Amino acid sequence: MNKTLKAFGVALALSSALAGMAMAQPTEVRIGVALEPPALDPTAGAAEAIDIVVYQNVFEGLTRIDQNGAVQPGLADSWTISEDGLTYTFKLHDGVTFHDGTTFDAEDVKFTFDRILSEDSVNAHREFYEPITGITIIDPLTIAFTLDRQIGRFLFDLGRGDAVIVAPESADNNANDPIGTGPFAFVQWDKGSRVVLEAYGPYWGAPAHLTKASYVFISDTATLTNALLAGDIDGTNNFATEALAVFENNPQFKVLVGTTEGETILSTNNKRPPFDNLKVRQAMAHALDRQAIIDGTTNGYGTPIGAPFAPHNPYYVDLTGTYPYDPEAAKALLAEAGYPDGFSATLKLPPVAYARTSGQIIASQFAAVGIKLELINVEWAQWLEDVYANKDFDLSIVSHVEPFDIGNYANPDYYFGYDNPEFQALIKTLNGTVDEAKRKELAIEAQTILARDAVNGYLFELAQTGVWNAKLTGMWQNSPIEGLVLRDIAWTE
Amino acid sequence: MKRLLSHPSLVIGLVATLLFLAIGLLSLVWTPYPIAQIDIPRRFLAPSAAHWLGTDNLGRDMLSLIMAGTWTSFLVAAVAMAIGVGVGVPLGLAAAAWGGPVEWLVLRLTDFVFAFPAVIAAILITTLIGPGAVNAIVAIGIFNIPVFARVARGGALSIATLDFVAAGRLAGLGNMLIAWRHLLPNVMSLIIVQGTIQMSLGILSEAGLSYIGLGTQPPETSLGLMLKDAQSVFLIHPWLTMVPGLCIVLIVIALNIAGDGLRDAIDPRLRQGNPNVLA
């Protein structure tokens, strides 16, 4: 009996040694991500989790945003802009095929944008593309866009996940079976578990280093920690900061700390009393101790913000001093607003650690000035329905992760209900301005208005804290756009 | 009383249980620090004179949290047990006293509830009506009902055939009075023993529900919620999981020892020095 067991043990050791040799040059990567996407079509949903999986991996746009946030050629090799800034002509790359074998040409581009702009469009950001008035196919590889006004960020907007090119043959099924032109083709989606992508052989550009990539959905930090330590996954793009210390001094891992476009805010329902009162919102702003929130929620990995704008953006202006932490001033303003004894409100928290933890801290800080918060934990689906769609909330905490999403504040129907015609006019001017210096001036003015009006409580800019196997290279340190781009990721020895 | 005290396990269990209960009760009037007081600069402190059990990830005093959490655990388990006793015992006695279709109905109902895995069903209940301590009580309480119904019926059945019950019937007592005067006093000891066991199970269930986020909600606290908060930093600050974890273990052991001791002390057939009764 004992001998059999021993023999079995030796055989096992041998086989694992052999397996180890075979794995010497791995070309697969398994990435842990916290949230499972609700679907896989980036042109039909606002969830960041969709872009994490498919953006620039399965789907590509005419332009491509690189890891510094700059615009690079994508499916369009080159472009020309007319003198008046209203016509963009794109030369498309030749020989591109979709993963189902169909050919990519100007017809697909026209179809994509007609779909975004159609009456029944489900695109999360139709407004970015609304200035497009005409799409002309000049030849199968040349296409021209006509705009009704100048848009300063048009080339950037074309590189977003919302504007990736889809084919008329497959667009309807992209939610569950995404077919794009990217370096990776979709293989399978085990719901609740993982999505598997495989390198697409006939890819038109430089081939990816990896042959296979799996996104494994692990929402629990402790489970993620164990999966990383056990080698069940090779990395994650955003690891919970409170447990980051586990990996910081471990030579088997590297920790990549960078910036994101995620402005974490205390979303405030500006249409609902008492939050329609500017004094109340100012009082709330004075009651927030940002540094304590950042330390308690993200272990100090985060930058305080005074307006919903990313600190690494060249147009950024530091407005954290507009309403500094001052509980006495907060109490005085509450009294002026007619709430000398404070008031009670609810705070709906989505299931992300930054929201649940900062919610408790904010409740404690607000209690100090007399505002009593009832914390209500909700799941994402419920959050999207109650808070985002039906606007049935007092306060919430969420990170807005889209680049340059200050334009949301110009939409009076957006969920926090900020309706300021002065600001709306300003954003309209900003969007129509191409001159850099002028744009910067306008962007600063826009930030100043939002800071002054204390539309929401502006908390901090999320940091990106990736944890990866030390032998992996090519991951994006910063996250200038929603996505986890596999293109440059490779194993080294 | 002397008989009770002659069982050392009972004494140890009772004393430990009462000690935890006293700590929990004390939290109602006094804790070293307010439990909702978040103080970020003093987070993750090691145990010290100012904070006997250290501080947690939000700078809250661990001792205060443990005190309040212990009270939550006891309260949830006790109310849930009260629901079980209040509904289950009358059902069980009715089954024994009336028999026939009443008994059939009670047994089928208890079978029905028993057929669900308790924790899964508790998750279902709290998912449907929302998380929170009150809903956790309801969920745990519902699963206490069949336990007490069976214990009461089982105990009552063996009593119901005895002569004094027959005498009661001859004297004209109805089923209701038989159950009340003769059956209930005689199954009381069984119910008390079962009650301590259900208390420990209730404390475990509350901790489990809170741990998966369906029980007590912040800023209230419970031992399970503390475990949940601490688990993501387990590798860095294991102390934060050990304290509430050990508390749960100790309370459950104390209740179980007390329950075993009570059974030994109350059940005459198990009384030492009188083994012949067993045969």
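Me: Contact means heavy atoms within 4.5 Å. So which residues does Thr112(A) touch, not counting residues up to four places away in sequence?

Reply: Quick heads-up: this is a predicted model, where local features need pLDDT of at least 70, side-chain atom pairs count only at pLDDT 80 or more, and totals for chains, interfaces and linings use all residues. Residues are numbered from 1 along each chain, chains are lettered from A and ligands numbered from 1 as written, and side-chain values use heavy atoms, leaving out hydrogens and water. Thr112(A) sits in helix α3 (residues 106-117) of chain A, a helix being a DSSP run of H or I with at least four residues. With those sequence neighbours set aside, Thr112(A) touches Val164(A), Ile165(A) and Val166(A).

Me: Is Thr112(A) buried or exposed?

Reply: Buried means under 20% relative accessible area, and exposed means over 50% (1.4 Å probe, protein chains only). Thr112(A) has a relative accessible area of 1%, so Thr112(A) is buried.

Me: Which residues touch the most other members of the largest nonpolar core?

Reply: Such a core is a set of buried Ala, Val, Leu, Ile, Met, Phe, Trp, Tyr and Cys residues joined through side-chain atoms within 4.5 Å. The largest one has 66 residues, and its largest share, six residues, comes from helix α11 (residues 353-367) of chain A. The members touching the most others are Phe366(A) and Phe423(A).

Me: Which residues does Phe366(A) contact, leaving aside its neighbours within four places in sequence?

Reply: Phe366(A) belongs to that 66-residue core. Away from those neighbours, its contacts are Leu266(A), Met284(A), Ala287(A), Leu288(A), Ile371(A), Leu373(A) and Leu395(A).

Technical notes. Helix = DSSP H or I, 4+ residues; strand = E, 2+ residues; numbered from the N terminus.
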